[in-house]
Amino acid sequence: MREVTEGELRECFVNATRRELEQLPLPGLHETIWAEREYLGWRDPRSSRLGYVVHWRGDALIGVVVRGAPGGLRPGIAAMCSLCHSTQPATQVRMFSARLAGLDGDTGSSIGTYICDALDCSHIIRTGPPHLVTADRVAARSEALLGRITRFTGRVERATRGS
Ligand SMILES: [Zn+2]
């Protein structure tokens with residue numbers, strides 16, 4: 001993905017509350033390897049629940065605040081992230097929900113999806129045995145990941161606008 005600035009990040013969230021925006025924890029942009037990112041995802045270090053996903057859709061930066069479900073999936077089973085489609089131990093995948101309302105709204109509704117617990121799909125699809133992370137495979141998974149996250153944030157954005 002193209003590099004983003006702190007200013008762009010502060011303005012891109014479609015479903016954040018005022019309080020969430022005021023308290024937005026910014027990720028370490030200087031350490032980010034942008035060429036190996038489909039989206040920027042981070043968890044709030046002060047909150048066990050809040051997380052943020054941001055990506056470019058053309059020239060528009062779009063961000064969605066997500067809340068991780070308390071408790072995790074049952075340890076010992078496998079689970080699949082709905083964005084990168086990686087199958088992982090259930091403790092590394094979590095149900096996240098996105099509030100479907102803008103700054104001052106509260107519709108009480110949300111949509112949920114399973115995402116890698118650390119919101120680090122870009123890292124996950126580039127990690128593994130060498131025969132599974134060839135350039136071709138990573139490129140195909142990268143494209144699919146970007147398509148899925150674009151659909152997810154698009155759903156949140158449309159529902160939020162309609163609220
Ligand atoms: Zn994932």
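Author: The conversation below goes from the overall fold to the sheet and then to the core. This is a predicted model, in which local features need pLDDT of at least 70, side-chain atom pairs count only at pLDDT 80 or more, and totals for chains, interfaces and linings use all residues. Residues are numbered from 1 along each chain as its sequence is written.

Reader: Thanks. How many helices and strands does the protein chain have?
Author: The protein chain has four helices and seven strands. Helices (H or I, at least four residues) and strands (E, at least two) are DSSP runs, numbered from the N terminus. From that end, the order is α-α-β-β-β-β-β-β-β-α-α.

Reader: And how compact is the protein chain?
Author: Its radius of gyration, taken over C-alpha atoms, is 15 Å. The globule rule (2.2 Å times the number of residues to the power 0.38) gives 15 Å for 163 residues, so the chain is as compact as a globular protein of that length.

Reader: On to the sheet. Which strands form it, and in what order?
Author: Five strands form an open sheet in the order E1-E2-E3-E6-E7, with antiparallel pairing. Two strands count as paired if DSSP finds at least two bridges between them. E1 (40–43) and E7 are the edge strands, each pairing on one side only.

Reader: How many bridges join E2 to E3?
Author: Eight bridges join E2 to E3; leucine 50 stands opposite arginine 67 in E3. The hairpin of E2 and E3 has two residues between the strands, and glycine 58 there takes a positive phi near 65°.

Reader: What about E1 and E2, how are they joined?
Author: A hairpin of six residues links E1 to E2, and four bridges join these strands. Leucine 40 has valine 54 in E2 as its bridge partner.

Reader: Is E2 mostly covered or mostly uncovered?
Author: E2 is mostly covered, with six of its eight residues buried. A residue is buried if 20 or more other C-beta atoms, placed from the backbone, lie within 10 Å of its own.

Reader: Now the core: which residues have the most contacts inside the largest one?
Author: They are Val53, Val64, Val65 and Leu83, in a nonpolar core of 34 residues. Such a core is a set of buried Ala, Val, Leu, Ile, Met, Phe, Trp, Tyr and Cys residues joined through C-beta atoms within 7 Å. Helix H4 gives the most to this core, with five residues.

Reader: What is leucine 83 in contact with?
Author: Leaving aside neighbours within four places in sequence, leucine 83 is in contact (C-beta atoms, placed from the backbone, within 7 Å) with Ile115, Cys121, Leu145, Arg148, Ile149 and Phe152.

Note on methods. A residue is buried if 20 or more other C-beta atoms lie within 10 Å of its own, exposed if 12 or fewer, and partly exposed in between; C-beta atoms are placed from the backbone. Two residues are in contact if their C-beta atoms, placed from the backbone, lie within 7 Å.
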